[in-house]
Amino acid sequence: MRADRLVAALLFLQTARRRVTAAELAAELGVSERTARRDLEALASAGIPVYSQAGQGGGWSLVGGARTDLTGLTAPEIRALFLLTGPDATASPQTRTALRKLVRALPAPLREGAEAAARAGIADGTDWTGAETEEAPLAALQRAVVEERELRIGYARPGRPPRERTAQPLGIAAKSGVRYLLADTADGLRTFRVGRVTSVTETGAPAVRPEGFDLATAWRTLAARMEDRMVAATVRGRAAPGTASVLEGVLGGRIRYGERAPDGWTPFEADGPSPEVIAARLAGLGARVELLDPPEARAALARTGAELTALYGAPGTPATPPRAPAPDATPPG
């Protein structure tokens with residue numbers, strides 16, 4: 001696991017008593033030189049005082065020189081490291097062992113803060129229904145990224161059967177608590193939500209990394225495309241009193257309110273991938289929300305209503321529209 005290597009890399013820097021090259025660290029950890037360099041960069045980006053020096057006799061070292069303990073790190077830097085690698089509900093035994101060793105190596109004044117930082121976060125691999133989410137494939141995907149192994153992955157989009165494809169794993173990104181695999185495929189760079197990966201099989205071939213690939217740049221590009229798709233359409237509507245919190249739960253932050261009308265209803269605009277998708281998300285609110293335009297959104301809700309009436313309506317019984325809830329005291333927005 002990467003957390004184990006980050007701890008091992010830091011301790012190796014502490015005990016080497018000189019600058020360390022990426023090749024030397026790779027030999028120590030049993031990984032590729034490229035992987036070792038990425039680990040060193042990850043330590044530096046997490047706030048650990050690791051720096052590199054180019055040229056003959058150059059390499060990587062800790063600010064302040066080599067030490068047999070971790071007194072070269074400040075308390076905030078220690079906390080940053082433990083927040084980066086701290087144990088969670090799915091941490092491997094190796095990760096927990098490595099962190100215990102690191103705690104014992106700390107000077108006594110810093111030990112308490114490090115232990116508190118390690119307890120400051122937790123990841124639960126199940127959703128509220130008890131169903132397993134992303135943790136099952138995550139370890140296999142991380143290993144493939146680190147060890148640069150080509151994969152066959154099964155991936156299931158909502159409402160579709162799983163589909164297998166060959167992928168060159170390039171990195172793992174996290175956005176709002178959800179992890180994504182970035183991989184090169186026959187269709188170009190793609191993101192795969194880890195929780196939707198149904199199977200992970202190594203092909204036995206090494207992964208091919210595009211020349212000059214940079215994970216942060218690739219993620220920003222792919223994320224920007226996704227954001228554009230998520231706000232490709234806008235609908236206008238009005239919401240009944242007391243509906244604001246439910247509406248925000250359905251649409252998230254892509255909703256804008258107008259001034260509440262005298263009848264208590266509030267106009268709003270909402271963005272989404274398409275009028276039909278937004279309408280589908282709002283269908284469960286029934287008469288508490290009325291979409292005004294575009295016509296495609298209204299037509300989508302009409303079709304949904306007709307289908308539900310045909311399926312559930314009692315023969316010969318006219319549908320009775322639900323009453324709007326009582327107004328709440330706080331205007332939305």
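How many bridges join strand S8 to strand S10, and in which sense do the two strands run? The legends below take up this pairing and several other close-ups of the predicted model.

**View 1. Pairing of strands S8 and S10 in the predicted model.** Strand S8 covers residues 233-239 and strand S10 covers residues 266-272. The two are joined by seven bridges and run antiparallel.

**View 2. The open four-stranded sheet containing S8 and S10.** The strand order is S9-S10-S8-S11, with antiparallel pairing. At the edges lie strand S9 (255-257) and strand S11 (289-293), each of which pairs on one side only. Between neighbouring strands of this sheet the average turn is 30°, direction ignored.

**View 3. The open five-stranded sheet.** Here the strands follow the order S6-S5-S4-S3-S7, and the pairing is antiparallel. Strand S6 (188-193) and strand S7 (197-206) are the edge strands, each pairing on one side only. From one strand to the next, the twist averages 45°.

**View 4. Strands S4 and S5, with helix H8 lying across S4, S5 and S6.** Strand S4 spans residues 163-175 and strand S5 spans residues 178-185. Seven bridges join these antiparallel strands. Within this pairing, Ala173 has Tyr180 of S5 as its bridge partner. Helix H8 (residues 215-230) runs at about 100° to S4.

**View 5. Strand S3 and its partners S7 and S4.** Strand S3 consists of residues 149-155 and is mostly covered, with five of its seven residues buried. Towards S7, strand S3 pairs in the antiparallel sense over six bridges. Arg152 stands opposite Thr201 of S7. Towards S4, five bridges join S3 to its antiparallel partner. On this side, Ile153 stands opposite Arg165 of S4.

**View 6. Val208 in the loop between S7 and H8.** Is Val208 buried or exposed? Val208 counts as exposed because its relative accessible area is 56%, and the class begins over 50%. Leaving aside residues up to four places away in sequence, Val208 touches Gln168 and Leu170. Val208 and Glu148 lie 60 residues apart in sequence, while their C-alpha atoms are 7.7 Å apart in space.

**View 7. A nonpolar surface patch formed by Leu308, Leu311 and Tyr312.** Together these three residues have about 380 Å² of accessible area. Leu308 belongs to helix H11, which covers residues 295-312. Leu308 is classed as partly exposed because its relative accessible area of 47% falls between the limit for buried, under 20%, and that for exposed, over 50%.

Definitions and conventions: Residues numbered from 1 in each chain as written. Predicted model: local features only at pLDDT ≥ 70, side-chain atom pairs only at ≥ 80, totals over all residues. Heavy atoms only, no water. Pairing = 2+ DSSP bridges. Axes fitted to C-alpha atoms, helices over the stretch in contact; angles between N-to-C directions. Patch = residues over 30% accessible without salt bridge, like charges linked within 9 Å, V, L, I, M, F, W, Y side chains within 5 Å. Areas by Shrake-Rupley, 256 points an atom, 1.4 Å probe, with all protein chains shown as cover. Salt bridge = Lys/Arg side-chain N within 4 Å of Asp/Glu carboxyl O. Buried < 20%, exposed > 50% of the residue type's maximum accessible area, 1.4 Å probe, protein only. Contact = heavy atoms within 4.5 Å.
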